[in-house]
Amino acid sequence: MSATNKIISEPDSDFLLAGSRFVRACLRKPVDRTPVWFLRQAGRYMAEYREVRKHHTLVEICKQPELAAEVTITAAEKLGVDAAIIFADLLLPLEPMGLDFEFQAGEGPVVHRPLRTAEDVRALRTDRAGDLEYVARAIEKVAGHFRDRLGIIGFCGAPYTLASYMIEGGGSRNYIETKKLMYGSPAAWAMLLDKIVLVLTEYCRQQVQAGADVIQIFDSWVGSLSLSDYKDYAFEASKRLVRAVQAMGVPVIYFGVETAGLLGEMAVTGADVIGLDWRQPLDVGWNAVGHTRAVQGNLDPITLFAPPEILEIRVREILQAAAGRPGHIFNLGHGIVPGTPVENVQAVAKIVREFRLEGSGLQTSGSEAVHD
Ligand code: CP3
């Protein structure tokens, strides 16, 4: 072992490995600099991914651990980030529960026979979470590759968001079918969320046992709920899932979109980190979450199309708003979209890596030049 390796393996050293820097920030422990990764960091904006996609469907990539690991590793290494999110999809658990779906070009996911009745909910299976083991096998490969060099993120959908996919059958504008079942058949709704939590808990357990350091729960559609509806129909199931995953010994990141009015309540789930979307300033979101939680975010992903000067201003604004407080993970406020210039994503990662807050005792160590 070299002298350098020896130093960086000390947990409290200033020279933190990226993986531990990321996990420490999730737990609001001091770090040498702000960790960074990007929502949807592996995907169609990247030429390497498009090349793999020429030969395989999305689901084929997810189901072949070798390919899923390769796509995950390539993206993380190319971007110079502190964490790698496993390449998978939110909808994978639908299949073992008995709902077939496909990704149609240009249309996004389509569930062939969406749930509409209590009978449909009763027919959902919860005994086949083992079929999802291919995700855990991919995580093992990624963990074996990075060891402690990068944080490894496993993920799943939140109960409300998965339930709405199952009911709407795909994307939706008004969530009418979801809300009809939610308001009109409360027993079926409760049974549906129970079944989803059961399967997701098992799915997350596989991912944690395989080496995921952190689990992110995507509640991408939760912004369609009022605060009262969130409290009455979604919060409880999310909280149960968050607590079950934490009991496995890993921190949880809970992320949603258009959540300004929900952040305080989302924090009550007990999630270690709340993901902020990009619609309000980071410090405003963090105040709503409360400073007893870490936050992740929150650059508008479309800013990645801006000229470098503008991009840098927006990135630094977010870092200034975090003010060197322990518990900020830099990220986007939603996923990278196709067509995003890869070099701009790399530039953002570099700005974050090199940023040091003036006068801060917490994040001033390290020797990378300050970027003005
Ligand atoms: O690095 C990564 O983040 C990639 C792994 C990943 C994918 N999906 C692969 C994927 C992750 C983290 C997801 C999560 C996911 N999937 C979410 C939550 C994230 C969010 O944005 O809120 C959601 C809502 C889904 C469901 C889903 N999957 C949709 C709506 C779509 C269509 C999107 C589109 O633009 O067509 C997908 C397809 C999908 N999942 C793609 C990728 C890379 C693109 C399609 C392809 O390669 O053919």
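Author: What follows is a set of questions and answers on the pockets, the core, the backbone and the cysteines.

Author: This is a predicted model, in which local features need pLDDT of at least 70 and side-chain atom pairs count only at pLDDT 80 or more, while totals for chains, interfaces and linings use all residues. Residues are numbered from 1 along each chain as its sequence is written, and side-chain values use heavy atoms, with hydrogens and water left out.

Reader: Which residues touch the most other members of the largest nonpolar core, and which element gives the largest share of this core?

Author: A nonpolar core is a set of buried Ala, Val, Leu, Ile, Met, Phe, Trp, Tyr and Cys residues joined through side-chain atoms within 4.5 Å, where buried means under 20% relative accessible area, exposed over 50% and partly exposed in between, with a 1.4 Å probe and protein chains only. Of the 137 residues in the largest such core, Phe22, Phe38 and Leu192 touch the most other members. The largest share of this core, twelve residues, comes from H11.

Reader: Is Thr201 buried or exposed, and where is its place?

Author: Leaving aside neighbours within four places in sequence, Thr201 is in contact (heavy atoms within 4.5 Å) with Leu241, Ala244 and Met248. Its relative accessible area is 13%, and therefore Thr201 counts as buried. Helices (H or I, at least four residues) and strands (E, at least two) are DSSP runs numbered from the N terminus, and the place of Thr201 is in helix H11, residues 186-210.

Reader: Where is Arg40 found, and what is its phi?

Author: Most residues other than glycine have a negative phi, and most peptide bonds are trans. Arg40 lies in the loop between helix H2 (18-26) and helix H3 (47-55), and Arg40 is exposed, with a relative accessible area of 53%. Although Arg40 is not a glycine, its phi is positive, at about 60°.

Reader: Where is Arg147 found, and what is its phi?

Author: Arg147 is in the loop between helix H8 (133-146) and strand E4 (151-157). At 64% relative accessibility, Arg147 counts as exposed. Arg147 is not a glycine, yet its phi is positive, at about 50°.

Reader: How many residues line the largest pocket, and how much space lies in it?

Author: On a 1 Å grid over the protein atoms alone, a cavity is a set of points where a 1.4 Å probe fits but cannot get out, and a pocket is an open set with protein on both sides within 12 Å along at least five of seven lines, with lining residues having an atom within 4 Å of a point. The largest pocket is lined by 44 residues, of which Arg40, Arg44, Asp89, Phe103 and Pro109 lie nearest its centre. Grid points are joined across faces, edges and corners, and a volume is the space filled by probe spheres set on the points. On that basis, the space in the largest pocket is about 1400 Å³.

Reader: Which element gives the most to the lining of the largest cavity?

Author: The search of the whole structure finds two cavities of 30 Å³ or more, and about 50 Å³ of space lies in the largest of them. The residues that line this cavity include Ala42, Tyr49, Glu70 and Ala75. The elements that give two or more residues to its lining are H3 and helix H5 (65-79), and the most, four residues, comes from H5.

Reader: How many disulfides does a search of the whole structure find?

Author: A disulfide is taken here as a pair of cysteine sulfur atoms within 2.5 Å. The sulfur of Cys26 is 15 Å from the closest cysteine sulfur, in Cys204, which is too far for a bond, and the sulfur of Cys62 is 14 Å from its closest, in Cys156, again too far for a bond. Cys26 is buried at a relative accessible area of 1%, and Cys62 is buried at 2%. The number of disulfides found in the whole structure is zero.
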